[in-house]
Amino acid sequence: MRHFLYAASAVAAFATPIAAETIAITGGRVVVGDGSAPIERGTVVIRDGKIIAAGANVAVPAGARKIDATGNWVTPGVFAGFTRLGLSEVDAVNGTNDKSGGKSGFSAAIDVAPAIDPFRSSFAINRAAGVTRAVVAPEAADNIFAGQGAIADLGADSNPVTKARAFQFAEFGEDGAASAGGSRAGTHLHFRAMLREAQDYAAGRGTFDDDLLKAEDAKALLSVLKGETRLLIHVEGANDMLRLMELKREFPAIKMVFVGVSEGWRVARELAQAGIPVVASALNDLPATFEMLGATQSNIGRMKDAGVQVAIGMINDRDSHQLRYTTQYAGNIVGLQYVPGATGLTWDEAFSAISSVPAEIMGVGDRLGSLKAGRAADVVVWDGDPLELSSAAIAVIIDGIEQPLANRQNRLRDRYARPTEGDLPKAYDR
Amino acid sequence: MKSNLLWSILAAPLALMACSNADGPKTASATPASAPAEKVPAPFPSTYKAYPGVATAIRNVTIYDGEGGKIDNGVVFMTSGKISSVGGPDTIIPPGVNVVDGAGKFVTPGIIDIHSHLGNYPSPSVEAHSDGNEATSPTTPEVWAEHSVWPQDPGFSRALANGGVTALQVLPGSANLMGGRSVVLKNVYARTVQGMKFPDAPYGLKMACGENPKRVYGSKGRMPSTRMGNIAVNRQTWIQAQEYKKKRDSGKEYTRDLGMETLAGVLDGDISIQNHCYRADEMALVLDMAKEFGYKVSTFHHAVESYKIADLLRDNKVCSAVWADWWGFKMEAYDAIPENAAILHNAGACVIIHSDDENQIQRLNQEAAKAQADGRRMGFNISDAEVIKWLTYNPAKALGISDKTGSLKAGKMADVVLWNGNPLSVYARPDKVWIDGALMFDASNPKIRPVSDFELGQPGEGDVK
């Protein structure tokens with residue numbers, strides 16, 4: 001996870017971050033991100049890109065650069081649980097949209113890592129909103145297996161990938177059926193058949209003549225089958241989740257994570273029992289499709305109460321551009337606590353659902369997602385409650401490096417703060 | 001949450017589904033009629049009637065009146081479906097009325113969404129219910145959105161319970177340059193769309209600039225396929241409308257034409273223009289086109305680049321209905337910035353926060369709060385009470401219903417939201433919503449919460465949503 005700093009001259013729009021240094025952030029309300037209560041007037045110490053300590057009685061090392069966070073909040077950076085970050089600049093402009101590679105003829109083998117472009121404006125814009133890491137998944141096209149996703153950081157450098165091939169992504173439910181010939185029966189058949197082909201490939205029996213998979217795809221699926229690579233599955237409906245849990249019993253080594261899960265509350269006990277974590281869309285509350293008839297904003301709270309490990313994600317919900325909605329979504333789930341009959345999360349739980357929990361679900365909780373010692377120093381200083389609409393990130397640190405917060409949106413803002421033209425056209429105002 | 005940019009971006013697939021190949025900017029349903037135009041009752045009249053309410057006073061509450069006013073520790077008193085008084089702690093509450101204690105809570109007028117597709121792109125989002133774009137001709141002023149509204153859309157209940165929405169404008173989509181008439185609804189379920197129609201609300205005409213019309217028709221090898229084509233087809237159609245109006249007004253016999261009736265209604269000043277338009281330069285062209293033909297644009301919708309011409313929009317008295325921060329989903333949304341609303345407001349132009357989305361209609365208050373905060377960070381301090389105006393009085397004015405609703409003034413409809421906290425906080429939700437003085441949502445009473453026919457007997461029916 002080394003950051004190769006690019007030359008400032010190459011990308012004039014970005015300031016180049018200074019290299020990792022020893023930093024002490026003092027006086028703020030410190031949120032560790034593991035679900036524990038905030039610590040008043042805490043100190044966070046960062047060295048060599050890692051968290052050294054965070055807490056109430058932490059000594060400031062000699063020579064550390066001090067950031068005074070008195071009156072502010074200090075948290076781990078937001079870990080966006082499911083996104084398409086960096087895979088498109090303008091969604092409807094095809095040349096800039098790399099979300100789906102499904103027409104390439106490949107499926108499970110597709111690896112989004114090289115398509116994640118840190119110079120796309122979504123990086124700078126969401127970084128300025130306190131998002132520091134993201135799960136980045138491909139979109140499916142003609143196969144239920146969309147390919148391999150990555151974990152990315154939002155640092156202003158040329159190396160966005162924290163972990164390539166961190167998971168395989170698959171579509172079940174309505175979208176999966178559409179990719180598998182029009183029926184959920186086809187989805188299950190495809191799933192089994194492709195896993196069998198992967199096994200054949202491993203045993204040297206793969207022919208790849210009439211097979212569903214190419215050799216590259218089989219290789220990628222084999223690692224799913226062995227449990228070396230997580231399988232993130234988009235699934236919304238209760239029945240689809242139950243049937244997937246049966247497949248899980250058939251292929252016990254597969255590490256399944258469900259994504260979307262609008263009807264998760266209906267099978268919450270079963271999910272907890274099966275030990276399947278979920279990356280849930282927080283605010284789905286409409287029967288947008290027939291597999292979401294039971295959608296409710298109380299979904300996350302109810303699953304959590306049943307013992308399901310729940311992170312917040314945003315599949316198919318402006319997921320390449322608006323990662324900055326993550327804090328708002330978490331805040332809404334906190335607000336549900338005050339609605340009679342609804343089930344929400346406490347503030348501490350909600351913040352963990354956008355920091356440590358997604359990191360843990362992705363198997364990187366020992367390296368990312370909280371302010372515990374040894375984690376990558378992704379730290380954000382906020383001017384208020386980070387889940388509140390009026391708050392903003394005022395300092396963003398990724399891997400121990402303080403980040404620039406400038407982006408083309410605030411350049412346009414500055415140009416047009418007073419829209420009437422002066423002595424020269426606006427084009428000269430910069 | 002499927003992002004519903006369907007009508008914003010993806011009009012093309014809908015257009016491809018359509019089967020008619022009607023040509024040019026002609027309008028349908030030309031039927032012979034006798035002249036001169038006699039005053040006939042408007043067709044499809046509203047049958048909405050206020051539901052019974054009891055005289056209610058909310059006291060000890062923070063009031064944002066919708067016109068920029070704030071009262072601490074105030075009283076809102078409503079009776080017979082109307083606001084009867086709004087004031088400070090000394091406001092007289094008649095004996096024997098229902099009193100709601102609002103300690104720690106906030107009152108606003110009912111929220112109004114000027115841009116919705118509830119009913120014509122309802123949930124579930126299935127082709128069979130996708131009735132928002134008559135994408136078979138670039139100009140279809142003859143279609144009326146109300147004929148596409150499915151009154152059982154579950155979205156109405158969410159907009160009420162989570163968003164405090166009491167009125168909304170349902171618009172045709174943006175595939176066409178002239179998409180058809182809009183309809184303003186009360187957010188009250190009814191068996192028929194007539195039962196939801198806001199009594200005596202003026203009609204609007206949906207128009208659209210930019211990418212959508214040129215893509216939808218260009219992809220069919222038809223005009224318009226360019227922005228210059230967009231303007232040319234519009235102007236040609238306005239010329240026809242002027243001729244129609246002249247004929248109609250001459251007292252001689254003429255043939256009724258549904259589309260031309262709508263356009264003549266615009267030229268008469270009876271129907272407002274609700275114009276989907278993203279880019280600043282295109283808005284400026286539309287304003288000149290409006291001058292050429294003598295009509296007025298009420299509101300530019302989506303208007304992500306309004307901030308670039310805030311002075312022009314102020315001088316022309318045109319509102320901008322905007323999102324807080326949508327950006328990047330299509331080329332004409334590339335220069336969107338979160339400070340759009342604040343820059344407009346600071347320049348003295350009219351701001352409305354709209355949704356175009358069945359999810360964000362549940363959080364218009366939150367979208368406004370984000371836009372306010374982005375303004376504050378650039379040094380534009382806009383008070384909470386002013387920001388509430390973006391969701392209440394301003395949309396009411398742009399829809400021509402501000403004499404009836406949109407602010408807490410004596411004599412207006414008692415469309416009132418009691419919030420369990422400051423509505424500009426992420427943690428706040430509606431506690432109670434009254435429409436015309438009738439309690440239509442109560443967070444503490446599951447029976448005062450609508451469940452559409454579609455959801456009855458389904459998983460989670462009547463559940464906390």
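Predicted model: local features only at pLDDT ≥ 70, side-chain atom pairs only at ≥ 80, totals over all residues.

Reader: OK, and what's the mean pLDDT of chain A?

Author: The mean for chain A is 94, with 95% of its residues reaching 70 or more.

Reader: What about chain B, what does its pLDDT average?

Author: Chain B averages 93, and 91% of the residues score at least 70. Residues 1-32 of chain B are below 50, though that stretch has 73 contacts in the model beyond near neighbours in sequence.

Reader: On to the interface, then. How many residues of chain B are in contact with chain A?

Author: 52 residues of chain B, and they touch 46 residues of chain A. On the chain B side, helices H2 (155-161), H7 (310-315) and H9 (364-377) each supply at least two residues.

Reader: Which helix gives the most?

Author: H9(B), with 5 residues.

Reader: And how do the chain B residues there divide by type?

Author: The side of chain B that touches chain A has 26 nonpolar, 12 polar and 14 charged residues.

Reader: Switching to helix packing in chain B. At what angle do H4 and H6 cross?

Author: H4(B), residues 227-249, and H6(B), residues 280-293, cross at roughly 20°, and their axes come within 11 Å. An angle under 35 degrees counts as roughly parallel, so H4(B) and H6(B) are roughly parallel to each other.

Reader: Is that crossing left-handed or right-handed?

Author: The crossing of H4(B) and H6(B) is right-handed.

Reader: Which residues make the contact?

Author: From H4(B) you have Ile231(B), Asn234(B), Arg235(B), Trp238(B) and Gln242(B); H6(B) brings Leu285(B), Met289(B) and Phe293(B). By type, the contact of H4(B) with H6(B) has 5 nonpolar residues, 2 polar and 1 charged.

Reader: Nice. Now strands in chain A: which way do S1 and S2 run, parallel or antiparallel?

Author: S1(A) and S2(A), residues 39-47, run antiparallel, joined by 6 bridges. Within that pairing, Ile25(A) stands opposite Val44(A) in S2(A).

Reader: And how many bridges join S1 to S4?

Author: 4 bridges, and this time the strands run parallel, with S1(A) covering residues 23-30 and S4(A) residues 65-68. Ala24(A) sits opposite Lys66(A) in S4(A). S1(A) also pairs in the parallel sense with S5(A), residues 73-76, over 2 bridges, and there Arg29(A) has Trp73(A) as its bridge partner.

Reader: What's the order of strands in that 8-strand sheet?

Author: S6-S7-S8-S9-S10-S11-S12-S13 in chain A; the sheet is open and its pairing is mixed. Its twist averages 30° from one strand to the next.

Reader: Which are the edge strands?

Author: S6(A), residues 78-83, and S13(A), residues 310-313, each of which pairs on one side only. S13(A) runs parallel to S12(A), residues 278-281, with 4 bridges between them.

Reader: What's the bridge partner of Ala280 in S13?

Author: Ile312(A) is the partner of Ala280(A).

Conventions:
Residues numbered from 1 in each chain as written. Chains lettered and ligands numbered in written order. Axes fitted to C-alpha atoms, helices over the stretch in contact; angles between N-to-C directions. Parallel < 35°, antiparallel > 145°, perpendicular 65-115°, else oblique. Left-handed = near helix turned anticlockwise from the far one by under 90°. Contact = placed C-beta atoms within 7 Å. Nonpolar A, V, L, I, M, F, W, Y, C, P; charged D, E, K, R; others polar. Pairing = 2+ DSSP bridges. pLDDT = per-residue confidence, 0-100.
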